[in-house]
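Please open the model in your viewer and keep the selection panel at hand. The tour goes from one selection to the next and says what is to be found at each stop.

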Amino acid sequence: MRVCVIGGGVSGLSTAFYLKRGGVQVKLLERENYPGGKARTYYEKGYIVESGPNGFLDGKPDTLELVKLLGAEKLLYRSSDKARKRFIYKNGRLVRLPENPIAFLSSYLLSWKGKVRVLGELLVPPSEKEDETLAEFVRRRLGKEALDYLLDPMVAGIFAGDPERMSLKAAFPAIYRLEREYGGLIRGLIAKAKEAKKKGAKSSGPAGPGGVLTSFVKGMSQFTQLLAQELGESFTPEAQVKTLEKKKDKWLVTYTLRGKEKSEEFDAVVLSLPAYAAAQVLKETSRELSELLASIEYSPISVVALGFEKRGLGHNLDGFGFLVPKVEGRKILGALWDSSVFPNRAPEGKALIRVMIGGARQPELALKSEEELTEIALKELKRIMKIRHYPEMVKVFRHEKGIPHYTIGHAEKVERIFKLGRELGNLFFCNNAYKGVGINDCTKSARETAEEVLNSLC
C-alpha cells in the first residue's frame, strides 16, 4: 500500500511518521527545501529565533509520545519558572495575569464590579444555541470587562483572532463542553477538579490540560528535522503538487520536482497543506470541496524578533511576556520574552524579544514592510516597556496567511470537508486549519489521521 502525504509541516511530518511505523509505503511531498512549515528556527548572531510557535505544553501527551518514539527525550528543553508569569497591558502598565482565585480577587486587571460579574457566572443559565461567538459567550457568562481584558488578549495570543467572529465550539471545544455538561464554567471547573482529585491527578484549566511550556534545545526545527530524518527518502523536498485525480481506486498525484513534472499513483492521499493551498490542489477534483477549503479564513501576522544588550535595557523581563487588549488601542498584539522563557535563546548578557503585529484585529499592519514593522515594534516597546536600546539583531517574519481563523460554522464546515474526502475515497485532511492550531493539536490529529488511513486500507 502506498500513501502520499502532501505538506511537510508538523502535521504532515507527524502523519507520515505514524504511517511509516504502521507499515505502509509513504511519500511526503513538500514544496520548500526544508521541513516544518511555519515551525522554523533561525540562528542569528548567537540568537535562536523562532518564526512561529516556540513550543508545546507538556500537559497533553501527544507531542511527548511522539518525541519518545523518536528517542529524542534528551533534546527537550523545559521553560524556566519565569514562564508562569504572564502580563496584560492595561492603562499604561503591565498587570500580572492572576493564576488562582486569591490572586484574581486582589488583581488590578478587573474592577470590583468586573470581578463580581465574573463570580455571578454561577447564576447564568446555559445557552440553547448550538454555537456562538467567543465574544457573545464571554459577555453572556462573565461580562464585558472579562471579554476586554481576559478573553480578547488570549485570543490574540493564540489565534491572532477576533473574538467577535470566532466560534466558541471550534476554537475552545473544552469550554463549550463545560457549559453543555455542567451548566457553567465555575461549576464545570469545580467538578473537573473533584474528578481529578479522585484519580490522583492535577486538575486542568478551563481550556484543557495545562502543563509546562516545552521546546527543544536548538528550537522547534530540531523536532521537524528529526521527523524528516526518520522518514529518510520518504521525505521529498522541493516538490510542488499541481493536481489530484481519482482513477478508479487510486489517486494520481501530479507534481513538479526541481522543475521536472512527475505523476505517481497512490492508494490514499493525506492533504496536510493549509486550507487555501489544499483548495487549489482540489480545484479540478471537487468544486464543493475546493470552495469549502477556500472559505476557511486566515489571520495575517508578522513577528519582529529583536536582540538587545541586557544591561540598562529598562525592563527586567521577569516573565513570559505580555498581551495587549484591543481596547488599549496599541499597534501590537503583544510580545514574548523568549530569552526569559528559554534562557539559551540569547547569548550571555543579551535578551531576545519577539513582537507580534497584525492579526484579525489590524490585518493591514501585518502586511507592512520589514522596516515599518521594526519601527512599530520598537516604538511600542519603548511606550510599554520603557526600552530605549536599539537592537543589535533584527529578524522579521511576515505571514500573510498566518493562523487559521475559526469563525462561526467552522466545526460543521470541517465535518463536511472530511465527509467529502471519505466519499471521494481515501482522501484525508490533517492540518491546523481544522481542529486546533497548537503543536499538540497537530500531533494528535496526525496520530488519529494515520490510524484512520491504516484502518481504511486494511
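**Strand 5 and its sheet**

Begin by selecting strand 5 together with strand 9 (residues 213-216) in this predicted model, where 2 bridges join the two strands, which run antiparallel. Within this pair, pick out Leu 57 and look across to strand 9, where Leu 213 stands opposite.

**Pro 53**

Next, select Pro 53, which lies in the loop between strand 4 (47-50) and strand 5 (56-57). Is this residue buried, partly exposed or exposed? Pro 53 is partly exposed, because its relative accessible area is 33%. Beyond its neighbours within four places in sequence, Pro 53 is in contact with Lys 38, Ala 39, Met 220 and Ile 439.

**Helix 1 and helix 10**

Finally, select helix 1 (residues 10-21) and helix 10 (residues 220-231), whose axes come within 10 Å and cross at roughly 35 degrees; the crossing is left-handed. To display the contact, show Val 10, Leu 13, Ser 14, Ala 16, Phe 17 and Lys 20 on helix 1, and Phe 223, Thr 224, Leu 227, Ala 228, Glu 230 and Leu 231 on helix 10. Coloured by class, this contact shows 8 nonpolar, 2 polar and 2 charged residues.

Notes: Residues are numbered from 1 along each chain as its sequence is written. This is a predicted model: local features need pLDDT of at least 70, side-chain atom pairs count only at pLDDT 80 or more; totals for chains, interfaces and linings use all residues. Side-chain values use heavy atoms; hydrogens and water are left out. Helices (H or I, at least four residues) and strands (E, at least two) are DSSP runs, numbered from the N terminus. Buried means under 20% relative accessible area, exposed over 50%, partly exposed in between (1.4 Å probe, protein chains only). Contact means heavy atoms within 4.5 Å. Two strands pair if DSSP finds at least two bridges between them. Axes are lines fitted to C-alpha atoms, for helices over the stretch in contact, and angles run from 0 to 180 degrees between N-to-C directions. A crossing is left-handed if the near helix is turned anticlockwise from the far one by less than a right angle, and right-handed if clockwise. Ala, Val, Leu, Ile, Met, Phe, Trp, Tyr, Cys and Pro count as nonpolar, Asp, Glu, Lys and Arg as charged, and the others, Gly among them, as polar.
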